[in-house]
Amino acid sequence: MKTSLGRLLAVTMATVATVAVGASLTACSGSGTADTDELTVGFVVDPSWAQIPVAADTGLFTEHDVNVKVVNFQSGVEALQAVAAGQVDITTAADVPTSAALTRTPALRVIADGSRWEGSRIIARRTAGIDTIDDLAGKSIGTPLGTSAAYYIANALAQNNIDAELVQVAPSAIVTAATQHNVDAVSIFQPYQAQTIAALGADAVELEGGTYNQHSLFIASPAAISDKAEAVKSFLAALDEAGAALKEQDDAAVAAVAKATQLEPELLRTVLTEFDFRLQLKPDLATKLGELGEWAKTQKSIDPSTKLPDYAQFLDNQFLPGTGSAS
């Protein structure tokens, strides 16, 4: 059990509003107006992909001559639906929903593993009689089913041989579900995890469990890969520089993420230390996606009769900085 982060949270976080789906910020640059210079990017509002607001607000997209429109989403499930429908060129999504989406839309490609997050926690209520992970037995746990947060709690329960009830709760409703005692605990990604801790205050109990650490991916549409290759490469180059600024906790970078996520800068500096923001795309990600795909079949996010693909075919590293021309 960890409580240090809970003590760090500012009281004002309890009233923080979540960012609305569909809200957007635009970073425009360059003299060209051709569509090949422009990217519409889906952004799950989460520090896992903090490079995006940093690149937008600090001018890195401008420096790399790419026009980027950022459209916000509450979860990777929604963002993946948008890229599959061609509504965005690139989207962010965690590994769990991506494993399912690739079976339905095999033309999509994973172009980068944007960060690895080791800060997942189960946030429980002390007044629900929960002090340790074993106390979750028989309790109700709110989580958005089909997401990385749902996999985290399912993995933690399985590893500890605990039976509990998982309850579908949308990300935007997580704080309310916890504070109004609709559930006994929640499993949720950032920034909602930090917001829940803040809202519960002294009643919050942070629990660790399981073996899962989230991979935060960037997924591109086939049209973006075939028609906007140079813009995609410039986009990732800008994110690479943004990641370096995040590692250093540059003031402008922290301010950009604070504005996007509505987390207080003091809290955010602690949260950001939980992430490795180096862009990469290692072959073993395919194995991990396969494991998550098998779990998704048990949850019926993937039809149980589906034969899972070789996920290695979906990894496209040609756009990563240092890999040469994307043409």
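Modeller: A pocket is an open set of grid points with protein on both sides within 12 Å along at least five of seven lines, and its lining residues have an atom within 4 Å of a point. Please keep in mind that this is a predicted model.

Colleague: Which residues lie nearest the centre of the second largest pocket?

Modeller: They are Val77, Pro97, Ala100, Ala101 and Arg104, out of 14 lining residues. The space in this second largest pocket amounts to about 180 Å³. Helices H4 (76-84), H5 (95-104) and H13 (284-298) each give two or more residues to its lining, and H5 supplies the largest share, five residues. By class, the lining of the second largest pocket holds nine nonpolar residues, four polar and one charged.

Colleague: How should I read a sheet, and in what order do the strands of the open sheet stand?

Modeller: In general, the strands of a sheet pair through backbone hydrogen bonds, either parallel or antiparallel. Here five strands form an open sheet in the order E8-E7-E9-E6-E10, and the pairing is mixed. Strands E8 (165-168) and E10 (204-207) are at the edges with a single partner strand each, so one side of each has no neighbour in the sheet. On average, neighbouring strands of this sheet are turned by 30° against each other, direction ignored.

Colleague: In what sense do E6 and E10 pair?

Modeller: Strand E6 (residues 122-125) and E10 pair in the antiparallel sense, over four bridges. Arg125 stands opposite Ala204 in E10.

Colleague: Which strands does helix H8 lie across?

Modeller: H8 lies across E6, E9 and E10, and runs at about 20° to E6. Helix H6 (residues 148-159) lies across E6, E7 (140-143), E8, E9 (185-187) and E10, at about 150° to E7.

Colleague: Is H8 mostly covered or mostly exposed?

Modeller: An α-helix has 3.6 residues a turn, so residues three or four places apart point the same way. H8 (residues 192-200) is mostly covered, with eight of its nine residues buried; among them are Tyr192, Gln195 and Leu200. Just after H8, Gly201 takes a positive phi of about 60°.

How values were computed: Residues numbered from 1 in each chain as written. Predicted model: local features only at pLDDT ≥ 70, side-chain atom pairs only at ≥ 80, totals over all residues. Heavy atoms only, no water. Buried < 20%, exposed > 50% of the residue type's maximum accessible area, 1.4 Å probe, protein only. Pairing = 2+ DSSP bridges. Axes fitted to C-alpha atoms, helices over the stretch in contact; angles between N-to-C directions. Contact = heavy atoms within 4.5 Å. 1 Å grid on protein atoms, 1.4 Å probe; cavity = no way out; pocket = protein on both sides within 12 Å on 5 of 7 lines; lining within 4 Å. Points joined across faces, edges and corners; volume = space filled by probe spheres on them. Nonpolar A, V, L, I, M, F, W, Y, C, P; charged D, E, K, R; others polar.
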